[in-house]
Amino acid sequence: MTKAPDSSRRSEHSRRAILDSALALVGEVGYNKLTIEAIAARAGVGKQTIYRWWPSKAAVLLDASLALSGEAWTDTGWSGFPDTGDLAADLKAVLRATVDEFSDPRYEAPARALTAAGATDPDLSARFTEQLLEPQLALYEARLRAARDAGQLAADADLRLVTEMLVGPLTYRWLLRTAPLTHAFTDALVDSVLAGVGGAGGADGVAKVTVR
């Protein structure tokens, strides 16, 4: 008896092909010239297959970026935000990995495309924030909270503000290309935030961050 094809496996194969094709094409032709028809042709599916799952090319790119971001995190070998007990070292490790991701053409093209599209599409921007940005920021806040609980940060530290002080300058430099995005830059950024926001460092050498 011939076994019936597994439709779920076929659907997942098609979905993966669509996401990979979208990432490849946006890097080749840019967002403005990217079309659903081109994605479908590259993936070997009908365009109605894409429209059954996504309403627009921007939505396809968002899901592709979510998948790519997950792969980038997996490649680091971390099961979560690293916590070695050394806050500065952990932040530097993550921001260095972020520099590497931002410098990867596979990530850079779709990320820039989504940033541009989100500027004129409030719904896409909200999805981008909810599904990609906020979960990443929450990881920073959780690590900073652990440091605060360990007495490495002041009890009244504003964790969200500290997080944005860490990732904001990095994103600004990447987005506007104001200067090279390097490990040295993010290392200096971590040192400046931890040492400069709240004053003197503690006995363990980690800055006590107090934000009012």
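**Entry 1: Arg-143**

I placed Arg-143 in helix H7. Is Arg-143 buried or exposed? I recorded Arg-143 as buried, because its relative accessible area is 4%; buried means under 20%, exposed over 50% and partly exposed in between, with a 1.4 Å probe and protein chains only. Leaving aside neighbours within four places in sequence, I listed its contacts (heavy atoms within 4.5 Å) as Phe-81, Pro-82, Asp-83, Gly-85, Asp-86, Leu-87 and Asp-90.

**Entry 2: Basis of the model**

I worked from a predicted model, in which local features need pLDDT of at least 70 and side-chain atom pairs count only at pLDDT 80 or more, while totals for chains, interfaces and linings use all residues. Residues are numbered from 1 along each chain as its sequence is written, and side-chain values use heavy atoms, with hydrogens and water left out.

**Entry 3: The chain**

Of its 212 residues, 38% count as buried.

**Entry 4: The nonpolar core**

I then examined the largest nonpolar core, which has 54 residues. Such a core is a set of buried Ala, Val, Leu, Ile, Met, Phe, Trp, Tyr and Cys residues joined through side-chain atoms within 4.5 Å. Ile-18, Ile-39 and Ile-50 are among the residues that touch the most other members. Helices that each supply at least two residues of this core include H1 (7-29), H2 (36-43) and H4 (57-75). Not counting residues up to four places away in sequence, Ile-50 touches Ile-18, Ile-36, Ile-39, Ala-40, Val-45 and Val-60.

**Entry 5: Residues 35-54**

I found that an unreviewed UniProt entry lists residues 35-54 as "DNA-binding region"; such annotations may be inferred rather than shown by experiment. The end C-alpha atoms of this span lie 13 Å apart, and the span is 75% helix and 0% strand.

**Entry 6: Helix H6**

I noted that a side-chain oxygen of Asp-104 reaches to within 2.9 Å of the backbone nitrogen of Arg-106 at the start of H6. The buried residues of H6 include Tyr-107, Pro-110 and Arg-112.

Note on methods:
Helices (H or I, at least four residues) and strands (E, at least two) are DSSP runs, numbered from the N terminus. A polar contact is a pair of N or O atoms within 3.5 Å; within protein, one must be able to donate a hydrogen and the other to accept it, and residues adjacent in sequence count only if both atoms are side-chain atoms.
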